[in-house]
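Please follow this walk through a structure, which begins with one pair of residues and widens from there to whole chains and to the contact between them.

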Amino acid sequence: MTMRIFVSRDAGAVAVGADEVALVLGLAAAKRGAEIEIIRTGSRGLYWLEPMVEVATPHGRIAFGPVTEFNANSVLDAMISGGPHPLRLGVADEIPWLKRQTRLTFARCGVIDPRSLEDYRAHDGYKGLARALTLTSDAILADVTASGLRGRGGAGFPTGIKWKTVAQTGADRKYIVCNADEGDSGTFADRMIMEGDPFVVIEGMTIAGIAVGAIKGYIYIRSEYPHAVEAMNAAISAAKRAGYLGASVGGSSHSFDLEVRVGAGAYVCGEETSLLESLEGRRGIVRAKPPLPAHKGLFGKPTVINNVLSFAAIPFILAGGAKAYADFGMGRSRGTMPIQLAGNVRYGGLFEVAFGITLGELVDDIGGGTFSGRPVRAVQVGGPLGAYFPRELFDTPFDYEAFAARDGLIGHGGIVVFDDSVDMSRQARFAMEFCAIESCGKCTPCRIGSTRGVETIDKIRAGERVPENIAVIEDLCNTMKFGSLCALGGFTPYPVMSALKHFREDFGAAPPRLQAAE
Amino acid sequence: MTAFSEPWNAARGAEIIAEHTHLEGATLVILHALQEAFGYVPEPAIPMVASALNLSRAEVHGVFTFYHDFRHEPAGRHVLKLCRAEACQAAGGDALAARAEAKLGISLGNTTADDRVTLEPIYCLGLCATAPSAMLDGRVVGRLNEARIDALVAEAQR
């Protein structure tokens, strides 16, 4: 009987040798005369175990990892004999790190072949669309609203309200836009789902189109993600061939088409209005709001613009899961959040879990502390615009409001771990520098403030009039926070001020009161 | 990857532009296509794009210069991009970037004198759980350490 072996094709796995492992497995099997089929899946998200290889057995899929091209031969032997192997991890679904998760959005990621529409359908794919096609627009919107889903890009705006706003406009043309410009360092959930389960994004966008009456959608993917671009394009072609996209979606009277557009290396294009400008073929300059994209979005038409993970959550919700989804979470943060553990972390990867888990559990318990083995000093949550949290704040629950209450944000759910070798004034400087490089230039606080910020932090780091310059930074951050047009300038103060507040000792050696005595 | 680029040719440029003019908001798509063919966006192509899309030359120039990806001149034969964002910084990326700079004798954002290697910073490849990471001519590499970065640099120099 043909042995079915699963090897990830996720860029994160490929980056650590998954292609070579697949090649060696194929050669080794041929040499042994063993009949095998290698299925390239997405990643399960247990990146410290990548390349992770699984084999189908009557007891479930048995995982091995991290496999290298040098030990792939012996792994294949263990797969054939069913015998022990030092890299044998047991049944994949039973690996505690995976078992502790609540995988709603990422249920299929790492399990199915992302190139196979049949595989997607065999794992509950397109059930959400099937049900949506039996509902009225109002009923779909009611489901999305009832699920409590909030925009997973970072802003956390209720998705149901956004869709309803677009549905209620009487425009001749509307658009669905998927923001796949996942530029935040420490985040990779969008990339993973696009590479590992692209049809779920397509299905979510199709449902959005039907709900609001749009017939055209765009997926704007950053150019740094070539694997995701390829995966989405392949999936769109497959969905078109099968009639899930096109003039008659799933045999219904609804028409919906999708197109991938590739960004060009501008971080600010992750901001929704800048992204729309870029899609229209212009410089990615932020627009002033109002008007909201829901009223005047792409090409001036009402537009639903959501993050990849928001769309990817929709099929589960529409397949009858609105209440089940809303039952997870805490406070006003309902459902699950795909959290990404990254940086100097022992067990890095994707951990989808209901809101409410504490930062400490995520970093120490699930992440296992640092990869370097040194103590955790700081974690940055929510990308380059997110705050740095010290250990004293590790009791913060993962929840939009709880993080906001502590001058932070959960953003797109990325957590970057730093050990005690980090210099926090340097990280604060980087935040300002990054803002200066990526600023679109439209508003002054962001354009000029970031450059002055770099200069001022340099002075502090050089020990020049430290208390006065810290006062300048505080004032500058205040101006940027309240005076910037979008989150780039507006949120850069989060990493800067949090570094200053929680790690004051890294900003000039002399305590302020001694300076005042001169 | 630029090793396979065609030399600039106005007729070929016009052909590439014409393939995409029917798209909504085609400017970025066309600039990407031109760069893919020629390895950079040649200056003479800018007025051609403008005229094809009924835009001013300044508008197209503005788009071209806004985005980090678009090149004004050909890159070296190999392009090595090192991720310089926070997750890679936390995993020791700063020291590895300095090492690559020293090995190549150039700073980030430059090309070696023999035109073999262009070394560039990139802000996040989304390989943050296998950091530090890099991309050599479109191939991604993670879990970089000194040995692996040395091997990458050596490969790029070949």
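Phe6(A) stands opposite Glu54(A) in E3(A), and this pair belongs to the antiparallel pairing, over three bridges, of strand E1 (residues 3–8) of chain A with strand E3 (residues 53–57) of chain A. Strands here, like helices, are DSSP runs numbered from the N terminus, with at least two residues (E) for a strand and at least four (H or I) for a helix, and two strands pair if DSSP finds at least two bridges between them. The model is a predicted one, in which local features need pLDDT of at least 70 and side-chain atom pairs count only at pLDDT 80 or more, while totals for chains, interfaces and linings use all residues. Residues are numbered from 1 along each chain as its sequence is written, and chains are lettered from A and ligands numbered from 1 in the order in which they are written.

E3(A) also pairs in the antiparallel sense with strand E4 (residues 60–64) of chain A, over five bridges; a hairpin of two residues joins E3(A) to E4(A), and Val55(A) stands opposite Ile62(A) in E4(A).

Chain A as a whole has 21 helices and 16 strands. Its radius of gyration, taken over C-alpha atoms, is 24 Å, close to the 24 Å that the globule rule gives for 518 residues, so chain A is as compact as a globular protein of that length; the rule is 2.2 Å times the number of residues to the power 0.38. Along its principal axes the C-alpha trace of chain A spans about 85 × 60 × 40 Å. Of the 518 residues of chain A, 58% count as buried, a residue being buried if 20 or more other C-beta atoms, placed from the backbone, lie within 10 Å of its own. An automatic or database assignment divides chain A into domain 1 (3–99), domain 2 (117–327), domain 3 (330–419) and domain 4 (424–516), and the C-alpha centres of domain 1 and domain 4 of chain A are separated by 47 Å.

Chain B is assigned domain 1 (2–66) and domain 2 (78–157), with C-alpha centres 29 Å apart. In helix H4 (residues 57–66) of chain B, the residues Val60(B), Val63(B), Phe64(B) and Phe66(B) are buried, and what covers them includes helix H2 (27–38) and helix H3 (45–53) of chain B.

Elsewhere in chain B, five strands form an open sheet of mixed pairing in the order E2-E3-E1-E4-E5, with strand E2 (110–111) and strand E5 (139–141) of chain B as its edges, each pairing on one side only. E2(B) and strand E3 (residues 117–122) of chain B pair in the antiparallel sense over two bridges, and Asn110(B) stands opposite Leu119(B) in E3(B). Helix H6 (residues 93–104) of chain B lies across strand E1 (78–83) and E3 of chain B, running at about 160° to E3(B), where axes are lines fitted to C-alpha atoms, for helices over the stretch in contact, and angles run from 0 to 180 degrees between N-to-C directions.

Finally, 45 residues of chain A are in contact with 35 residues of chain B, contact requiring C-beta atoms, placed from the backbone, that lie within 7 Å. The largest share of the side of chain A that touches chain B, four residues, comes from E12(A). The residues of that side divide into 21 nonpolar, 16 polar and eight charged, where Ala, Val, Leu, Ile, Met, Phe, Trp, Tyr, Cys and Pro count as nonpolar, Asp, Glu, Lys and Arg as charged, and the others, Gly among them, as polar.

Technical notes:
Two residues are in contact if their C-beta atoms, placed from the backbone, lie within 7 Å. A residue is buried if 20 or more other C-beta atoms lie within 10 Å of its own, exposed if 12 or fewer, and partly exposed in between; C-beta atoms are placed from the backbone.
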